[in-house]
Amino acid sequence: MENNGNTNIHNEDEQIVTPWKVESKSAINYMKLIDKFGCEPIDGNIIKRFEQVTNMKAHPWLRRGIFFSQKDLAKALNNYEAGKNIYLYTGRGPTSEAMHLGHMIPFMFTKYLQDAFDAFLVVQLSDDEKYFFKDGHDIDYYNALSYQNAKDIIACGFHPDKTLIFSNLETLGGALYKNVAKIMKATTGNQIRGIYGLDLNNNIGQISWPCFQAAPAFSNSFPEVLGDKEHSYCLVPMAIDQDPYFRMARDFADKRKSEGYIKPAVIHTKFLVGLCGVNAKMSSSDNSPTIYMTDNEKDIRKKIMTHAFSGGQETLEKHRAIGGDLEVDVAYQYLCYFLHDDKRLEEIARAYRSGQMLSGEIKKIMADVVCLVILHHQNERVKVTQKVIDHFFNANRKFDLSRAPREPVELDEDYSLYGFNFDLTFGLTGPEENQSNKTYINNISN
Ligand code: TRP
């Protein structure tokens with residue numbers, strides 16, 4: 001058994017990370033989550049191996065430790081190197097018409113992984129999940145949102161012949177449902193209570209939901225595309241709060257090893273912080289300001305300039321004297337995601353930390369960078385016509401499982417400071433008076 005221990009219980013430092021709730025008094029301690037969930041941190045060794053095997057340079061989110069945790073990524077790489085295809089699985093529970101920037105991180109990264117592995121991708125739109133877990137709308141509402149959200153997903157640039165998007169409400173049946181049923185039979189109510197903290201007061205849609213999220217992680221759920229003789233390796237990119245589903249899926253695979261089931265590999269991202277501070281992730285369900293992918297440039301800039309929590313000092317004089325605090329500055333956190341040039345990032349870090357760059361200036365840089373990302377997305381999104389959507393949802397077409405050869409990439413000299421060892425503060429310590437107990441150098445991008 002893997003560590004399936006109670007995801008829903010407060011631990012000593014009062015951080016809760018479950019599929020339903022992410023709450024923390026201070027910045028989330030991701031190293032603790034790695035321990036608790038039984039994962040491995042992504043380090044320079046695996047990043048180097050990733051580059052060697054895929055012939056693709058590591059995405060800045062890998063190098064910078066934003067995608068920070070994994071299970072069995074090395075095994076996935078071994079399989080891929082041995083010439084076997086691996087496939088990707090991720091998903092989205094459609095709750096709002098527009099997706100926000102935080103929602104996009106796993107999808108943007110999945111697009112990169114699809115290119116790196118030349119891989120087939122399935123995207124589960126869990127409209128049933130949201131119907132079970134949310135109130136206030138009828139079932140068709142969530143179903144319709146699947147199609148709205150699919151536009152944002154397709155706009156990430158997924159390969160039209162290598163990607164299948166499906167709504168659970170519309171497609172469950174056949175081979176996929178057979179796997180759901182097998183997982184249901186292998187899972188007791190007590191296990192569900194133990195893993196997710198759900199109990200008999202929850203509706204039974206909620207109680208059975210985990211089996212539905214786990215099933216697409218097995219390749220024989222898609223026999224028309226991936227065959228049903230030999231299982232293919234599955235890699236699931238996701239935000240870390242979704243991990244419990246895949247601990248369950250991995251346990252199930254273990255039990256069914258003799259039938260060929262393979263434990264899915266997983267790769268986890270940290271949460272993009274909300275504008276109000278590093279303690280909360282970007283969210284559409286509370287009242288804090290959120291950057292939606294459909295916002296116009298003027299509104300985005302306004303939200304950033306008025307709300308992005310600043311690590312700067314209260315007065316200009318004081319700021320020039322002691323400088324800004326990179327670790328709590330929201331604008332800086334966003335630059336760690338969206339400004340991919342390490343040199344430029346370091347320059348900004350130094351200028352801001354020294355007090356030479358002001359709060360308004362770093363926010364302006366954040367606004368420029370974020371607007372670029374969103375305007376590009378919007379450009380792509382308008383191209384997603386109904387015809388394009390229909391194509392991505394059509395399961396009865398020929399998918400392209402070929403792998404194009406790629407020239408090896410030039411490796412870097414030293415990988416030891418990559419991944420969870422990447423120092424996003426470039427050796428700069430915080431202003432004296434703001435120094436708290438810094439246990440992990442890498443907590444900055446929380
Ligand atoms: N549960 C996810 C959400 O609420 C949606 C989802 C379904 C998902 N299948 C997935 C996420 C697989 C990651 C991987 O948004």
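Analyst: Cys39 is found in the loop between α1 (30-37) and β3; helices (H or I, at least four residues) and strands (E, at least two) are DSSP runs, numbered from the N terminus. The model is predicted: local features need pLDDT of at least 70, side-chain atom pairs count only at pLDDT 80 or more, and totals for chains, interfaces and linings use all residues. Residues are numbered from 1 along each chain as its sequence is written, and side-chain values use heavy atoms, with hydrogens and water left out.

Cys39 is buried, with a relative accessible area of 8%; buried means under 20% relative accessible area, exposed over 50% and partly exposed in between (1.4 Å probe, protein chains only). Leaving aside neighbours within four places in sequence, Cys39 is in contact with Ile34, Ser69, Gln70, Lys71, Asp243 and His268, where contact means heavy atoms within 4.5 Å. One of these residues, Gln70, is 31 residues from Cys39 in sequence, yet the two C-alpha atoms are 5.7 Å apart in space.

Two strands pair if DSSP finds at least two bridges between them. β7 pairs with β6 (residues 121-125) in the parallel sense over five bridges, and Gln124 stands opposite Phe166 in β7.

The ligand is surrounded by 14 residues, the closest being Gln124, Glu129, Lys130, Gln213 and Gln242; a residue is near a molecule if one of its heavy atoms lies within 4 Å of it. An N or O atom in the side chain of Lys130 is 2.8 Å from an oxygen atom of the ligand. A nitrogen atom of the ligand lies 2.9 Å from a polar side-chain atom of Gln213, and for Gln242 a side-chain N or O atom is 2.9 Å from a ligand nitrogen. Taken alone the ligand exposes 370 Å², of which the protein buries 91% (Shrake-Rupley method, 1.4 Å probe). Two or more residues of the shell come from each of β5 (86-92), α6 (127-133) and β8 (233-239), and β5 gives the largest share, four residues.

Gln114 lies in helix α5 and is buried, with a relative accessible area of 2%. Leaving aside neighbours within four places in sequence, its contacts are Leu88, Ala119, Leu121, Phe158, His159, Lys162 and Thr163. A polar side-chain atom of Gln114 lies 2.9 Å from the backbone nitrogen of His159.

Helix α5 (101-117) is also among the elements against which the buried residues of α16 pack, including β10 and β11. Nine of the nine residues of α16 (residues 330-338) are buried, so this helix is largely enclosed by the rest of the structure. At the start of α16, a side-chain oxygen of Asp329 reaches to within 3.2 Å of the backbone nitrogen of Ala331. Strands β10 (residues 273-274) and β11 (residues 277-281) pair in the antiparallel sense over two bridges, joined by a hairpin through two residues.

Terms used
Polar contact = N/O pair within 3.5 Å; in protein donor to acceptor, adjacent residues only side chain to side chain.
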